[in-house]
Amino acid sequence: MTEVTSGPAPYIYTSTRLRVRKAKLLPKEDYLRMQNMSLPEIARFIGESEYKPEIDELGGVFHGIDLIEIALSWNLAKENQSVLGITQGSLMQFTANYLRSWDIGNVLIILRGKQQGFSVNKIKEVVIPAGELDKIFLDRLLAEESPDRIVELLKGWRLYPVLEQEYGRVIESGSFARLENELYKKYYVDLIAVARGGIKGGREFLQYLQLEIDTRNFQSLFRLRAGGMPEDVRELMIPGGDFSLDELARLGAVDSNDELIDALKKRTHLQSLIDALETFREGLPIHEIENVLTRIKLEQMDRMSKRYPFSVAPILVYLEKKKYEVFNLRALARGKESNLSGERIMEYLVI
């Protein structure tokens, strides 16, 4: 394959490749079909799609939910690394930094799994080596019995200072919530620094990051209100979005969900968000609210990728949609294993 390295050519080449891959993602109709399938039927169905190599390779060893879980993890890790492999220059830098969110997820999965006494194989099913910490290193972490030893092995990780600072609180409280929040805060601080570092395409990258941060913060506000709002939410919010920490604190301090919805409606210009906020007055479960906000984010990403077709935006929208395709297939498989109805399972999907 001829390498494309100069001028706008890398952007055109990468964007074209990603548009082709995005077109192969499962349409809504396929999810509607799968909601009426059994677990073996779902495995066969995805084995006839882009997941065929993984289903074929693993089918002789694993079955049922284990086959689906591991095949999905392998496929997503392979796909994310493949996308990184076709990027060059600034696109590669943005993409590589963005994919480091998987490192946070994997470290937390392993630490939580070890703390709760899950087997190595069970933890490994949901670990997705799609970031900077590769499969070999993650397997080393999985081989350790002690969470303390896992933390020791992570001393070379770029986010280790946060882990070192917060891990004592994990031991005291038994909760990973604050550690998780602090890791993601540092992750986004670093991403924003990259976006503002003077690299070509940084402005478009920053716009997406602000959209993602705002979405996460909105989800946190509604989740906190459902579970008990602290006096000041600033420590639980991610800085760097379009909404300042002070503004988020004011939103968190309102007396009711209706007031929060009214305040957000006055502040946003997105009609899709305004329409969605009205439905939140009906007392939707928190997972449905979070899914609606995620769908709006993906819609805005699609618009951004069309507005900036030769930028990092088409890469990010594909990576996010691919991630949610895998999350949806996992939710379907787990729902079927738990004997949930098709209608109930569909409430948890982002489509």
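In this predicted model, 51% of the 351 residues in the chain are buried.

The chain contains 19 helices and zero strands. Its radius of gyration is 21 Å, close to the 20 Å that the globule rule gives for 351 residues, so the chain is as compact as a globular protein of that length. The C-alpha trace spans about 55 × 50 × 45 Å along its principal axes. Among contacts with a separation of 6 or more, 65% join residues 24 or more positions apart. The 48 positive and 52 negative charges of the chain have mean positions that are 4 Å apart.

The largest nonpolar core has 93 residues, of which M34, I46, L154, W157, F205 and L329 touch the most other members. Helix 18, which covers residues 313-337, gives the most to this core, contributing eleven residues. W157 is in contact with D103, I104, V107, L133, L163 and L183, when its neighbours within four places in sequence are left aside.

Another core, of 22 residues, lies apart from the largest one, and its members include F222, L248, V254 and I261. L248 also belongs to helix 14 (residues 245-252), where the buried residues are E247, L248, A249, L251 and G252. The cover over these buried residues includes helix 13 (202-227) and helix 15 (257-267).

Key: Residues are numbered from 1 along each chain as its sequence is written. This is a predicted model: local features need pLDDT of at least 70, side-chain atom pairs count only at pLDDT 80 or more; totals for chains, interfaces and linings use all residues. Side-chain values use heavy atoms; hydrogens and water are left out. Helices (H or I, at least four residues) and strands (E, at least two) are DSSP runs, numbered from the N terminus. The radius of gyration is taken over C-alpha atoms; the globule rule is 2.2 Å times the number of residues to the power 0.38. Buried means under 20% relative accessible area, exposed over 50%, partly exposed in between (1.4 Å probe, protein chains only). Contact means heavy atoms within 4.5 Å. Lys and Arg count as positive and Asp and Glu as negative; His and the chain ends are not counted. The place of a charge is taken as NZ of Lys, CZ of Arg, CG of Asp or CD of Glu. A nonpolar core is a set of buried Ala, Val, Leu, Ile, Met, Phe, Trp, Tyr and Cys residues joined through side-chain atoms within 4.5 Å.
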